Amino acid sequence: MVFPRKPTFPFSKSTLLFLSMASLSFLSFLSLFFFFSSLSLSSSSADHHHHPHPHLPSHFTNYPSDQILHACKSTRFPDQCGSSLSHSSLPPNPSPLQILQSAIALSSDGLTTAQSLVKQILDSSATNLNRTTAAKNCLEVLRNSDYRISLTNDALHHGRTKDARAWLSASLLYHYDCWSALKYANDTQLVDKTMAFLDSLIGLSSNALSMLVAYDIYGNDTAAWTPPRTERDGFWEGGGGSGLGFSGGFPAKVTADATVCKDGSGGCYGSIQKAVDAAPENAAARRFVIHIKEGVYEEIVRVPLEKKNVVFLGDGMGKTVITGSLNVGQPGLSTYNTATLGVVGDGFMASGLTIQNTAGPDAHQAVAFRSDSDLSVIQDCEFLGNQDTLYAHSLRQFYKSCKIQGNVDFIFGNSASIFQDCEILVRPRQLKPEKGENNAVTAHGRTDPAQSTGFVFQNCLINGTQEYMSLYYSKPQVHKNFLGRPWKEYSRTVFIHCNLEALVSPSGWMPWSGDFALKTLFYGEFENSGAGSKTSERVGWSSQIPAQHVFSYSVENFIQGDEWIPSSESSDEQKMLNKRSKDVKLD
């Protein structure tokens, strides 16, 4: 059987950054607070697929204007959208941009209240480890959300709508993660009240993101704005550009600012974490390169939100090894917390490393690498684990020439990630693997159709380790492997020009539970090769990508990588850094 996934709780510490435009007045916000607090929410922990939806009154206190109604028809929750914006401080005839900014301000102001409610939960949970863990993770992820909303406002001011969409997509994810964390600790009235408030905050954030997508696609013509559409609706974005070929990656030449070695002698740092701690905070002008010499480093490493443009340079896969064994079976740990290396600071880069979690195949969720770093580049790295090896949690990530091993959902998250020229291998799973198993390579977790996220695999090999393939060929009918399964409702994963070997099941893709997400996900394939690439027996809810739309998944179109990924043929030190010349500094 396939093990069920336990809740995932991302975290990063926060201070509040206020949006500078179109916020609610104090009295209006109080009325919204009581409006939200009156909502009810079913939060049964038996169904972790439950996606919160706002429950709304049948009438508006202040009827929304025609401009608001036009804009709100682009959202998934137009009633909530109209009601909330009618309480805001918009001028009598607002422009589409003013309406969008006000919608973002609603999400930002609601976030302030959510943080206050979660702090109350934490203060009242000293004797409850489960609730304390959930509250701490919520506070940290809400700080991360707050930072991304602030960046969204700045991006709109400078006309960077693709950046704004990436950041607001992440903010919505973090609100959902906090709600999900509390769902598994919902044993008090205060937690239930907070979940109800988060439920509506998710709706507000979804509305803002939907309007942002419509504004990006259709501009000021609100008559053309529509609710978010996906490939399953026959809609593709950004099919132009120079094609699927892309030569960028980790820069050819970098100079170390710090060195880590096992014995800590000769000016070396004795641990990777100490070198990270020495990196400057909010460094937008240059990279901080940490050379990690050959050796096995048994430590849990965190690169926090304030540490931007940190670079890990190892001596090669199998030579520089970062190893840990945290897993969800240990008290006070969520999937997110188990990562051997966890990164939040933007612009993270790594090359020449092995990162592993050795918890074992019977330990369930045990992450080797987790990234919430926007504009991150990982090349020539190896990730070893079993269930949940690589947690590409949020934002835009680029993996090139990497090796990834695992078994259950071992590449998962809700990021926009491209994997180029990677070797992806299934390894034995159970303690008695000869009994057989169902393995899914990916489990993408997009919760909203407006989120600009998905997994794209280009020119990758999907195969098994030598040990696993021996098991597979001994009894192929019991060893079943699939390209992916839908962790969340709008899961999106595509394989383009990949070599799919014999272990890939003829059906290709695996359902999560019943018919969950089968009508809303998008699983696509294009011109793959190998014994597992035949499409004649693929499940009916997967797709073949039309040739005229395949460029939608290029590095240029999907993650705007041509703007920030350095050229592989030069050091090109400033290319990615200049992308963020104006950024919001963390206090």
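Leu395 sits in the loop between strand 11 (390-392) and strand 12 (396-400); strands here are DSSP runs of E with at least two residues, helices are runs of H or I with at least four, and both are numbered from the N terminus. Its phi is near 70°, a positive value in a residue other than glycine. Leu395 is also buried, at a relative accessible area of 4%, where buried means under 20% relative accessible area, exposed over 50% and partly exposed in between, with a 1.4 Å probe and protein chains only.

Before going further, a word on the source: this is a predicted model, in which local features need pLDDT of at least 70 and side-chain atom pairs count only at pLDDT 80 or more, while totals for chains, interfaces and linings use all residues. Residues are numbered from 1 along each chain as its sequence is written, and side-chain values use heavy atoms, with hydrogens and water left out.

His497 counts as partly exposed, at 30% relative accessibility. Most residues other than glycine have a negative phi.

Now to the helices. Three of them are set side by side below; the expected span is 1.5 Å times one less than the number of residues.

| Helix | Residues in helix | First to last C-alpha | Expected span |
|---|---|---|---|
| Helix 4 (96-123) | 28 residues | 41 Å | 40 Å |
| Helix 6 | 23 residues | 33 Å | 33 Å |
| Helix 7 | 30 residues | 44 Å | 44 Å |

Helix 4 is mostly covered, with 20 of its 28 residues buried. Helix 6 is mostly covered too, with 22 of its 23 residues buried.

The core has 69 residues, and Leu85, Cys178, Leu182 and Met211 touch the most other members. At least two residues of this core come from each of helix 2 (66-72), helix 3 (78-86), helix 4, helix 5 (129-157), helix 6 and helix 7. Helix 7 gives the most, with 14 residues. In soluble globular proteins, nonpolar side chains tend to be buried together.

Next comes the largest pocket, which holds about 480 Å³ of space. On a 1 Å grid over the protein atoms alone, a pocket is an open set of points where a 1.4 Å probe fits, with protein on both sides within 12 Å along at least five of seven lines, and lining residues have an atom within 4 Å of a point. Grid points are joined across faces, edges and corners, and the volume is the space filled by probe spheres set on the points. The lining numbers 32 residues, with Arg165, Phe235, Glu237, Ser452 and Arg492 nearest the centre of the pocket.

Which helix supplies the largest share of this lining? Helix 7 does, with five residues. Helix 6 (161-183), helix 7 (189-218) and helix 10 (555-558) each supply at least two. By domain, at least three lining residues come from each of domain 1 (66-228) and domain 3 (430-586), with bounds from an automatic or database domain assignment. The lining divides into 15 nonpolar, nine polar and eight charged residues; Ala, Val, Leu, Ile, Met, Phe, Trp, Tyr, Cys and Pro count as nonpolar, Asp, Glu, Lys and Arg as charged, and the others, Gly among them, as polar.

Lys435, in the loop between strand 16 (423-426) and strand 17 (437-444), counts as exposed at 63% relative accessibility. The C-alpha atoms of Lys435 and Lys475 are separated by 9.2 Å, and the two residues are 40 residues apart along the chain. Ala339, in the loop between strand 6 (320-324) and strand 7 (341-343), is buried, with a relative accessible area of 0%. From Ala339 to Tyr391, 52 residues apart along the chain, the C-alpha separation is 8.3 Å.

Technical notes. A nonpolar core is a set of buried Ala, Val, Leu, Ile, Met, Phe, Trp, Tyr and Cys residues joined through side-chain atoms within 4.5 Å.
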